[in-house]
Amino acid sequence: MRRILLMGNPNVGKSAFFSRLTGTKVIASNYPGTTVGFTKGSLMLGEEQVEVIDVPGTYTLEPTSKAEEVASRLLQTGDVVINVLDATNMERNLYLTLELLERDIPVIVALNIWDETKHRGIEINTARLEELLGVPVVPTVALTGEGMKELANRIPEAASPEMTERTRDERWAAVGSIINEVQTLSHRHHTWLERLQDASLKPLTGLPIAVMVLAVSFVIIRSIGEGLIGYVMEPLFDRLWTPVMMELSELLGSEGFWHDVLIGNLFDGAVDYSQSMGVLTTGLFIPLGAVLPYILAFYLVLGVLEDVGYLPRLAVLLDNLMHRIGLHGYAIIPTMLGLGCCVPAIMATRILESRRERLITATLISIAIPCAASQAMIIGLVGEQGVQYLAMVYGTLFMVWLVLGFVLNRTVRGFSPEILIEIPPYRIPHWRAMLQKLWMRVYGFLREALPIILLAILVVSILISLGVFDKIAEVTAPVVSGIFGLPEAAVVAIVVGLLRKDIAIGLLAPLALSADQLVVGSVVLTMFFPCIAAFVVLARELGFRGLLMAIGVMIAATIVVGGLLNVVLL
Amino acid sequence: MKEDKPITVRHMHAGQSGKVVEILGGTHLFNRLNSLGIRPGKRITKVSSMFLRGPVTVRVDRSQVAIGHGMAGKIVVDVEEKKP
């Protein structure tokens with residue numbers, strides 16, 4: 001099968017391009033480095049099926065970073081290159097084009113983000129550019145699909161013009177003369193978007209903007225999450241599902257093994273979704289009723305921040321702080337993703353340059369950053385006791401993140417390189433692309449988390465009815481009640497935390513803990529051991545030694561912090 | 001005040017523009033800056049810098065690049081005089 005490579009600078013819209021071309025859904029965002037591995041898809045060219053590869057963004061074929069190494073290795077394996085250019089930034093983009101033309105592989109050029117050239121006062125003579133380069137040039141807007149048909153039709157015209165290898169300076173000179181011939185810039189006034197762009201980077205205006213953006217995000221997430229739970233999910237469960245469950249309960253004779261497993265315990269003769277612990281009651285309510293609304297709300301807000309292009313600016317503003325903990329500002333992007341789910345977050349650490357940074361970032365994410373599912377449960381459980389307790393949980397985790405980062409920075413060998421990133425312009429998000437991304441993420445949650453949650457509940461209800469937890473509780477009592485000050489039964493939650501943290505936090509509900517104990521419990525459960533999915537991805541990204549280190553740090557930190565909180569609070 | 005001596009990006013004021021004269025430091029840094037469009041002969045404008053030795057942001061062509069404080073001290077610029 002012939003293989004088409006999509007290549008271009010970072011953040012020129014290759015991922016959106018890839019989705020359009022192949023119909024394969026991939027996550028695209030407005031910051032450099034969204035694609036870290038490579039993604040395959042396929043496309044019908046006439047009668048022939050060809051393979052399409054979304055190659056990570058690269059500025060040059062001389063590899064200077066990990067993503068660029070991947071890109072130049074993939075180049076050896078391709079049959080045709082679609083070189084995707086940002087039409088609003090041609091000069092820098094053309095350097096890679098010239099490098100590609102020097103290689104012995106047919107190339108076709110897509111001038112992407114074409115729609116923005118007009119209001120940015122850029123005029124490009126594509127016919128002339130085609131002549132100068134000697135390969136087809138097609139203007140495209142991958143987000144809306146404009147020009148994509150023409151591009152696909154012209155792929156067979158892709159050519160590899162005779163060109164001798166040039167030095168770097170010769171290439172830049174050639175780029176300069178091409179630009180002079182094909183591009184006309186007209187002066188235009190700064191748009192409000194550009195003013196905002198500069199304001200969010202200057203310290204005096206940028207920091208207040210950052211605080212505002214984060215505060216507004218939090219309020220929006222919480223309102224959407226609580227709104228959906230209170231006005232949609234709870235009424236749905238109460239009115240539609242509870243009658244079904246009560247019927248089933250009677251059918252099963254209100255007791256016995258299957259009743260315990262499917263329905264769980266009844267409280268005053270009724271189902272209590274947070275405490276019953278049946279697969280069909282709590283098992284369905286936690287993922288769908290309590291967690292899904294927050295997943296939806298979080299990824300909606302994150303999607304807007306990503307597509308607008310705000311995150312790299314946050315990275316620049318926080319670079320200073322992040323350096324104190326051994327990271328550079330760009331590590332804020334995986335960290336923010338971690339507030340959604342650990343798995344994509346740890347994978348996103350690949351956008352960081354050094355192994356050391358990846359190790360520190362991933363360790364910190366898996367210890368101190370609660371995922372959206374855990375947060376939904378924490379907000380539900382602890383928030384009930386009062387906002388101050390919620391603040392204690394978040395405050396403690398934030399302190400852990402800072403202190404642990406500081407310690408890791410001192411102890412992990414090597415140094416972290418300085419920041420050097422391109423900051424994309426603000427863009428008005430395209431609502432269809434955004435909804436598609438939101439759907440992919442929510443669907444991903446349902447597909448991956450739902451089975452594990454049901455399984456976890458199943459295992460818990462079986463183990464409880466077999467009395468296994470009583471044994472474990474006896475053995476671990478010194479740690480659980482001695483150090484953390486929690487009742488012995490809380491060990492059930494800690495063990496279940498290995499499978500899913502949302503369920504684990506939910507298991508604290510029936511224990512009738514005091515508000516302070518809930519704070520300790522939430523913090524300990526968040527920090528202690530990653531859930532099974534996070535564990536797998538940690539192992540894959542960090543290797544065995546990295547994983548051992550992360551887990552060592554995790555256990556030590558949990559015991560220290562849990563113990564300290566116990567002393568301070570209880 | 002007239003500034004005819006070349007200075008580094010670190011010492012430019014926000015809003016000042018100038019032509020890059022040279023990049024002090026190894027080929028690695030040179031290549032990385034190069035691929036982001038920062039190379040001798042290019043006109044760049046400083047947008048902002050974060051306090052406490054934070055990163056510096058410059059505009060080059062139509063894009064913005066954030067550069068660590070240390071690296072910013074290695075990019076030598078011939079500053080244009082500001083119009084009164």
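Predicted model: local features only at pLDDT ≥ 70, side-chain atom pairs only at ≥ 80, totals over all residues.
**Stop 1: chain A as a whole**

Select chain A and zoom out. Buried residues account for 47% of the chain. Of the contacts in chain A between residues at least 6 apart in sequence, 71% link residues that are at least 24 apart.

**Stop 2: a pair of helices**

Next, select residues 387-411 of chain A, helix α17, together with residues 515-527, helix α22. Their axes come within 9 Å and cross at roughly 35°, and the crossing is right-handed. Show the side chains here. From α17(A), look for Y389(A), M392(A), V393(A), T396(A), L397(A) and V400(A). They meet a set of residues in α22(A), among them L518(A), V519(A), S522(A) and V523(A). The residues of this contact divide into 10 nonpolar, three polar and no charged.

**Stop 3: where the chains meet**

Now colour the two chains separately. Here 24 residues of chain B are in contact with 23 residues of chain A. On the chain B side, the elements that give two or more residues are α1 (27-35), β3 (43-49), β5 (63-67) and α2 (69-72). Strand β5(B) gives the most, with five residues. Overall, this side of chain B comprises 10 nonpolar, 10 polar and four charged residues.

**Stop 4: strand β5 of chain B**

To trace the pairing, find I423(A), whose bridge partner is Q64(B), and then L420(A), whose bridge partner is I67(B).

Now bring in residues 56-60 of chain B, strand β4, which is joined to β5(B) by five bridges and runs antiparallel to it. V60(B) stands opposite S63(B). The two strands form a hairpin with two residues between them, and D61(B) in the turn has a positive phi of about 50°.

Which way do the residues of β5(B) point, and are they buried or exposed? S63(B), V65(B) and I67(B) point one way, Q64(B) and A66(B) the other, and all are buried.

Terms used: Residues numbered from 1 in each chain as written. Chains lettered and ligands numbered in written order. Axes fitted to C-alpha atoms, helices over the stretch in contact; angles between N-to-C directions. Helix = DSSP H or I, 4+ residues; strand = E, 2+ residues; numbered from the N terminus. Left-handed = near helix turned anticlockwise from the far one by under 90°. Contact = placed C-beta atoms within 7 Å. Nonpolar A, V, L, I, M, F, W, Y, C, P; charged D, E, K, R; others polar. Pairing = 2+ DSSP bridges. Buried ≥ 20, exposed ≤ 12 C-beta atoms within 10 Å, placed from the backbone.
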